Each structure stands twice: as C-alpha cells, then as structure tokens.
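Have the model open as you read. We will go from the overall fold to single side chains.

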Amino acid sequence: EACATVGERKQALAEYQTKKANELRTMQRQERIRAKEAFQKMLSDLIPNIKKFDPAVQRFSDIRDSLSKDDRFHAVESDEMREELFVEFVEELRKREKRKRQEKIRSAKEAFMGFLKNHEEEGKLTFATTWGSLQSSLSNEEKSEKAFAVSEFMSDSDRQLYFADFVIALQTEEDEKRRRIHDARRRAEKAQRQAFRRSLKQLARDSKVHPSSRWRSVEQEVSGLPTYAPVKEQEEDAPRRIFEEFVDDWSDVYRRERAFLNRFLHTPRRDFVMTKDITLDRFRQTIMDAAAHSSD
C-alpha cells in the first residue's frame, strides 16, 4: 500500500533502514560466532598434533605461522581475537590435562592402598610393620606389580607417605581395640568385685562375719566362695583388701548406730517407756521412727 504523505514515506523508510540494520548486525554476529567456532575447531584439530606442545608455557606467537596455513585461521579477522581464543583454548586444555593427571594419581593411590590392604588381610602387614620390613617381605614379582611399582603418577616418596598413612590408621584401630578391651575388662572386674561384696554381706547375714572379724580368722571361709577366685585373679591381695574395707565400713556403721541407740535409751521420752512387756517389733519400730527424725 502506497504512502499517502511525505511523512508516512519518511517513517516507512526509517523503519526499513532500522530493520535492515538489525538484520545486518544479526548476520554479522552469527558470522563472528561461526568464525569463532571454526577457529576453536581448528585449534582442537591441530594443536594435539604439534610436537612438544606445552600448554603451560606455549605462546600464540610460537605457533601462529603453523596455524595460519589453515583457512579457518583467517575466519577470525584480528590477531587480538585469535590470541584471545587461543589463550582460552589453552587454559581449558591445561585444566583438562590437570584433571586427567589428578585422576590417574588418585587411581594409582587407590591401587597402592588396595595392595597394602590385601597384605594386611593376609597377615603380612600390621601396625608395627615398617617400610623397610615391608619391602624385604615382598617377592620380586610383587614389587613389580603395577599397584606397587613407582610410576609417573606415584613416586617413591608418595608410596612411603601412603604407607605411613595406612599404618597410622592401623595403629589407631589397634589403639581403639585395646581401649575397648580394657574398658570391657574393667567393667567385668568391677562386676566381680561387687559380686564378692554381696557374698560378704550374705556371710554377715548368716553371722559368719562380724564387724570385729579379721581376715586371718575368716580367710578359709571366704576363700570357699564362688566369687573369691575371680577377684583373686585380678590381684593377689584384692580379696583381703575388699574384706577389710567391708568390715571397716560395717564397723563405722555399727559405732554410729550404737551411739544413736545409747542416746535414745538415755534420753527421757514421753512416747516411749521401756518395760518388761514391750515386744521386739514395738521396740524396733520406735527405734526406726526416732532414727527417721534424727540428724544422725
């Protein structure tokens, strides 16, 4: 449809020019993208084939002439952009090679630790094994195994460091095992001593032991208790020491109770009169009631 006025024609022209300019910029941007991708593809194709290429030290100027023989080199207009793309490519290549090397180092370490683990499970390696004694115990064939031998990804110092870490872990496990055994033995011995004390209490209830008893006079009786031997195995003098602690504690309780009873009987009380008709239960209950309110 034709424009009716000059103003409309000018507006239509401006819109057309804007549209063409946008299309041109889009096309140029796409061409730059294609040129960049072609240049990057060229780098991927050519650089791996360049002998002694080292991404850590190689500069763009070192290989510019070799790259310029490829048509894709000229797709990028400026050397500044070419060098920028080269630096980006080399940096990514360096990172990729670093990741590959780290993975190979990790794999070498895992294989070496697996080698040590196998020997530990076979009883050939313990927390007390030294690096020298380990090497002396290995056959030539074992020393030549890929998992043990020195390589590009595992130096001799690496092996010794890994070995030290492995042995330290074994020592830690051994220490923890000994601690658990010690704790279990200590709990068992404590239970044995408690059982022996309960046996002494039973002898006291049976009037075979008294607060005034001495070890020499009851040793034969006590040594026949089933709980005696386990305590004696802990320590030769343990039964006698536990017995003496038992009668000493009992004597202390006896003296305190005797003193309380003496005060009770010699203190006038309105609620209690000692007569010949008082029953044992009545006497015991009165004593218990008084003791419940006593500061002693």
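How many helices and strands does the chain have? This predicted model has 10 helices and 0 strands. Read along the sequence, the pattern is α-α-α-α-α-α-α-α-α-α. Of the 296 residues, 24% count as buried. The chain exposes about 21700 Å², and carbon and sulfur atoms supply 50% of that area. Take the contacts between residues at least 6 apart in sequence: 64% of them join residues at least 24 apart.

Turn to helix α7, residues 215-223. Trp215, Val218 and Val222 are buried there. Seen down the axis of α7, the buried residues fall within an arc of 85 degrees, so they line one face of the helix. On the other side of α7, Arg216, Ser217 and Gln220 are exposed.

Next, the charged pairs. The whole structure holds 26 salt bridges. Helix α3, residues 79-121, contains arginine 94 and glutamate 91, 3 residues apart. Their closest N and O atoms are 2.6 Å apart, in a salt bridge. Arginine 106 and glutamate 110 also form a salt bridge, at 2.4 Å from N to O. These two sit 4 residues apart in helix α3, about one helical turn.

Helix α6, residues 156-205, places arginine 178 and glutamate 174 about one turn apart. Their salt bridge spans 3.2 Å, N to O. Arginine 178 is partly exposed, at 47% relative accessible area. Glutamate 174 is buried, at 18%. Salt bridges that share partners also join Glu176, Arg179, Arg180, Asp183 and Arg186 into one network.

Definitions and conventions. Residues numbered from 1 in each chain as written. Predicted model: local features only at pLDDT ≥ 70, side-chain atom pairs only at ≥ 80, totals over all residues. Heavy atoms only, no water. Buried < 20%, exposed > 50% of the residue type's maximum accessible area, 1.4 Å probe, protein only. Arc of directions from axis to C-beta. Contact = heavy atoms within 4.5 Å. Areas by Shrake-Rupley, 256 points an atom, 1.4 Å probe, with all protein chains shown as cover. Salt bridge = Lys/Arg side-chain N within 4 Å of Asp/Glu carboxyl O.
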